[in-house]
Amino acid sequence: MAEHEFTVWAPRPDRVRLDVDGALHPMTRTHDGWWHAVADVAADARYGFVVGDGPKVLPDPRSPRQPEGVHERSQLWHPSPEAWTDDGWQGRSIEGAVIYELHVGTFTAEGTFDSAIEKLEHLLDLGVDFVELMPVNAFGGTHGWGYDGVLWYAVHEPYGGPDALIRLIDACHARGLGVLIDAVFNHLGPSGNYLPEFGPYLSTGSNPWGESINIADADADPVRRYILDCALRWMRDFHADGLRLDAVHALVDTTAIHILEELSAETDALAAEVGRPLSLIAESDMNDPRLITPRDQGGLGMTAQWDDDIHHAIHSAVSGERQGYYGDFGTLETLAQTLQHGYFHAGTYSSFRHRRHGRPLDTATIPATRLLAYTLTHDQVGNRAIGDRPSQNLTTGQLAVKAALALGSPYTAMLFMGEEWASSSPFQFFSSHPEPELARATAEGRKKEFAEHGWDADEIPDPQDPATFERSKLNWDEVGDGEHARLLSFYRSLIALRRSESDFGDPWLDHLKITYDEDRRWIVMHRGNFTIACNLGDLPVDVPVTGEVVLAWEEPETGGDRTRLAGHSVAIVRRPG
């Protein structure tokens, strides 16, 4: 037993009591809405707060652990210094790296942090630099995507809890892999959100996922501190090398100092304290360069940003899909323009949004490595009606072309788990809400949403059906088979080339040269002395490229001043001189 001070910000109720293992203790309120109590407790005591005269013991908004789920008492937990062996880890920036996004619950059959450790050698052999974990904060139910978290400080227990997360990150660092954690600060999930009983955590506004977080209304300062402290906790207490910040366009901040700018400054201060780089990657659909412009130049100071325009341009050009937000994409002209300038919509009309969108990127001052290029993400698969991957609709050659365009570009690159071997597993939207009414509403809402876009409602997987979750797990048995193994070998070689040849490390888009033939469906991207020649059509085509073939999907015919590419193929050529 030891004396421990418990604190909670709860300006709304007129009384708060501390419950420790069933024993109630009075709490004292200070002028700023914080309540305090000191009690002798065990190091792993279960505790919570009784707000007002309510009968329920509520979990701590800053709970360090939720061993029995988000509706039950919190548990004291402190990271043990002895758990870490990564004193020699010096970290690195994500700029120019290759990032591997994964969902812990479906990355392995077991779906835990410990089982993920067993697959790290695969990632090392692949050549990636960072692992990006989809949200691991506590959320309702046993499995889900994690974007409906309600206790942001706690680690989801079915994955193994906080100690297992430490083991995974420590194991990654021991192998030279950085770790990024996906953090969601723009909304709270529908199951287990007790924060409004404590204080004004929510604003009067809303976004597509629910009520917005109060970061600019009255009494917003403690809520902002709640977000900032949580973000820093992942990097300080869990040694994460940075965060991916979900949908920052939904963080409506009308204050003079945007919360992202504030987070950027505090992250830089923490990086100086721990002596290693810490990165912030923003997911944003705004195409606003200010996100990735340094603070001293008037920007928000994010290290990098997801770039969906690059995804849309590559995917629609290769696949031919033109529905929804792919409507403005699909041509090689669009693909070339997007690769050359970073954003396609840069103050131009977006037919999907029915308005002008974006702002031009200053390619002379902002390097391409501040934008992430990818051929798919959890969103670009899981938000499809049936969660189908490109590998379920395209030829392996088309997948190789997509990989070459993303990994051969000047941008920081990201893969989604399993794409490197054309995984046949879908990644569907799944949830496990324990409340029957919420489970029913989630399933019915999903079917209604896609039925309105012409899908047969019976084809839409039920998110609450455990089979939907099980179908989404990677099948590691197929990694070494046939075309799966062949594509994996291509990815490995492509990443190795990207890493070993300095021409592929040039981050300036002004140095990138692209030519294409819309009718004959070929596009060529020049990177220094290297040329990446892609045939997006299904028939052979002659491309005005010559030199030594260093990597190819289907060996091309070379001769004279031309290279003949087979349909759906790519060749990387080292030009003479």
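## Close-up views of a predicted model

**View 1. The lining of the largest cavity.** The largest cavity is lined by Thr375, Leu376, Arg389, Pro390, Ser391, Leu399, Lys402, Gly418, Glu419, Ala422, Ser423 and Tyr491. The structure is a predicted model, in which local features need pLDDT of at least 70 and side-chain atom pairs count only at pLDDT 80 or more, while totals for chains, interfaces and linings use all residues. Residues are numbered from 1 along each chain as its sequence is written, and side-chain values use heavy atoms, with hydrogens and water left out. A cavity is a set of points, on a 1 Å grid over the protein atoms alone, where a 1.4 Å probe fits but cannot get out, and lining residues have an atom within 4 Å of a point. The largest cavity holds about 100 Å³ of space, where a volume is the space filled by probe spheres set on the points, and grid points are joined across faces, edges and corners. By this rule there are six cavities of 30 Å³ or more.

View 2. In an unreviewed entry, UniProt lists Asp246 and Glu283 under "active site"; its positions are given in the numbering used here, feature names are shortened, and annotations may be inferred rather than shown by experiment. They span 38 residues in sequence, yet no two of their C-alpha atoms are more than 5.3 Å apart, so they gather at one spot. From this set, Asp246 is part of the lining of the second largest cavity. Asp246 lies in the loop between β15 (242-245) and α7 (259-274), and Glu283 lies in the loop between β16 (279-282) and β17 (304-306); helices (H or I, at least four residues) and strands (E, at least two) are DSSP runs, numbered from the N terminus. Asp246 is buried, with a relative accessible area of 9%, and Glu283 is buried, with a value of 11%. Here buried means under 20% relative accessible area, exposed over 50%, and partly exposed in between, using a 1.4 Å probe and protein chains only.

**View 3. Arg244 beside the listed pair.** Arg244 is found in strand β15 and is buried, with a relative accessible area of 0%. A polar contact of 2.9 Å joins its side chain to that of Asp246, and another polar contact of 2.9 Å joins the side chains of Arg244 and Glu283. A polar contact is a pair of N or O atoms within 3.5 Å; within protein, one must be able to donate a hydrogen and the other to accept it, and residues adjacent in sequence count only if both atoms are side-chain atoms. Leaving aside neighbours within four places in sequence, the residues in contact with Arg244 include Glu132, Tyr147, Trp306, His378 and Asp379, where contact means heavy atoms within 4.5 Å.

**View 4. The nonpolar cores.** The largest nonpolar core has 153 residues, and those with the most contacts inside it are Leu133, Leu165 and Leu245. A nonpolar core is a set of buried Ala, Val, Leu, Ile, Met, Phe, Trp, Tyr and Cys residues joined through side-chain atoms within 4.5 Å. Helix α6 (residues 220-236) gives the largest share of this core, nine residues.

**View 5. Helix α9 and its cover.** Seven of the ten residues of helix α9 (residues 332-341) are buried, so it is largely enclosed by the rest of the structure. The buried residues are Leu332, Thr334, Leu335, Ala336, Thr338, Leu339 and Gln340, and what covers them includes α8 (308-319), α11 (396-407), β22 (513-517) and β23 (522-527). After α9 comes Gly342, whose phi is positive, near 90°.

**View 6. Asp503 and the stretch around Gly528.** Asp503 sits in the loop between α14 (482-500) and β22 and is partly exposed, with a relative accessible area of 22%. Although Asp503 and Gly528 are 25 residues apart in sequence, their C-alpha atoms are 5.1 Å apart in space. Not counting residues up to four places away in sequence, Asp503 touches Arg527, Gly528, Asn529 and Phe530, and its side chain reaches the backbone nitrogen of Asn529 at 2.8 Å.

How values were computed:
On a 1 Å grid over the protein atoms alone, a cavity is a set of points where a 1.4 Å probe fits but cannot get out, and a pocket is an open set with protein on both sides within 12 Å along at least five of seven lines; lining residues have an atom within 4 Å of a point.
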